[in-house]
Amino acid sequence: MNSIRINKKKYTVDVDSEMPLLWFLRDHVGLTGTKYGCGVAQCGACVVHLDGEAVRSCVTKMKRAIGKEVITIEGLSEHGDHPLQLAWKEVDVPQCGYCHAGQIMSAAVLLRERPDPTDQDIDDAMTGNICRCGTYSRIRKAIHHAAELQKQKG
Amino acid sequence: MELYKEKRPLGKIRFTVTLSVIALFLIGIVSAFSEEASYAATSGGIYAAVKKDSVKSVNAFKKVYAVLQSPRCMNCHPRGDIPLQGDDNRLHAMFPKRGADGKGILAMKCTNCHQTENTVGLKTPPGSPEWHLPAATMKMVFQGRSAHELAKQLVDPKQNGNKNLKALIAHADDGLVKWGWNPGEGRTSPPISHAEFKEAWITWLTTGAYAPKQ
């Protein structure tokens with residue numbers, strides 16, 4: 001039987017292999033932190049990590065995800081204390097909050113690869129995540145702050 | 001007899017003049033292709049086992065060029081580091097960047113959205129295994145290149161990833177190249193079939209890869 005690891009837990013996959021990963025996460029596993037936005041990889045609300053890459057789960061089919069490691073917003077940290085999550089709270093980034101699981105998951109890849117990102121790095125990494133409330137300036141501020149927290153944490 | 005003797009020198013002159021005219025005509029033809037000829041001669045080992053035919057080569061390249069300038073090919077061979085999209089070659093939404101390996105950067109890797117096959121529906125990400133742009137060290141720009149410039153660039157080992165004739169011919173069957181003829185909904189295919197393109201591509205390469213005149 002096919003299996004997948006989600007947030008360090010193994011799940012058996014008994015769904016159509018053409019099903020989007022997002023459907024599996026939300027409807028079969030019950031992880032509803034990842035949001036459905038556009039459904040065509042244009043907005044970034046559904047970003048999760050698939051073997052460490054910030055994929056859009058609305059267009060990623062189960063056949064690609066089977067056998068791989070998925071991390072969702074619920075699994076980014078054990079106690080909700082990833083530097084980005086702490087910074088997001090401290091800066092009070094969200095307005096409606098709908099896009100922010102995707103924003104944070106994209107930012108997590110950025111911080112992993114660029115621990116001390118410049119504004120240009122942030123623009124380059126976050127350009128695919130849309131926020132209808134326009135919280136971009138707070139997102140930028142929080143990412144810089146998270147980089148500081150990450151450094152302090154060592 | 002005297003009359004006959006007088007006519008023979010005249011005949012020699014006519015013969016000489018005729019030969020000269022033919023020679024001048026041939027020189028004219030050769031010089032008309034001098035640019036292509038010198039290019040072919042200076043392009044090194046890639047032309048081993050090639051039967052040179054500048055006219056046939058340049059004619060074949062017209063077809064090749066029409067394909068390479070079509071949106072399906074040009075969109076991943078942009079002038080800058082942001083891919084293009086659509087039949088109007090507009091900048092890719094979200095402005096993803098090429099990255100060193102051509103596969104995007106940070107949270108904006110090509111395959112984060114582009115799958116191994118086209119996503120069903122209009123305005124959805126097209127897909128093929130190994131979706132990427134040319135690497136930063138070998139950008140292989142198509143956008144804005146004249147036929148002359150593109151022909152020279154394609155066979156220049158310094159610009160084509162050090163591809164030899166065999167590798168260039170094989171590239172016609174690259175999965176991402178062939179995707180151009182299976183582009184998914186709402187995207188036009190190149191102007192000729194893949195088989196016609198491949199034939200023209202091989203003809204162009206094996207007749208000397210002559211660059212059309214500027």
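Here is a short chat about chains A and B of a predicted model.

Student: How many helices and strands does chain A have?

Tutor: Six helices and five strands. From the N terminus on, they run β-β-α-β-β-α-β-α-α-α-α.

Student: How much of chain A is buried, and what makes a residue count as buried?

Tutor: A residue needs 20 or more other C-beta atoms within 10 Å of its own. In chain A, 44% of the 154 residues are buried.

Student: Over in chain B, why are α3(B) and α5(B) called roughly perpendicular?

Tutor: Look at the angle. The axes of α3 (residues 54-68) and α5 (residues 147-154) of chain B cross at roughly 95° and come within 11 Å. The label covers 65 to 115 degrees, and therefore these two helices count as roughly perpendicular to each other.

Student: Which residues meet there?

Tutor: B:Phe61, B:Tyr65 and B:Leu68 come from α3(B), while B:Ala147, B:Leu150 and B:Ala151 come from α5(B). By class, that contact has six nonpolar residues, no polar and no charged ones.

Student: And how many residues does each chain bring to the contact between A and B?

Tutor: Chain A brings 21 residues and chain B brings 16. On chain A's side, β4 (53-56), α4 (100-113) and α5 (119-126) each supply at least two.

Notes:
Residues numbered from 1 in each chain as written. Chains lettered and ligands numbered in written order. Predicted model: local features only at pLDDT ≥ 70, side-chain atom pairs only at ≥ 80, totals over all residues. Contact = placed C-beta atoms within 7 Å. Helix = DSSP H or I, 4+ residues; strand = E, 2+ residues; numbered from the N terminus. Buried ≥ 20, exposed ≤ 12 C-beta atoms within 10 Å, placed from the backbone. Axes fitted to C-alpha atoms, helices over the stretch in contact; angles between N-to-C directions. Parallel < 35°, antiparallel > 145°, perpendicular 65-115°, else oblique. Nonpolar A, V, L, I, M, F, W, Y, C, P; charged D, E, K, R; others polar.
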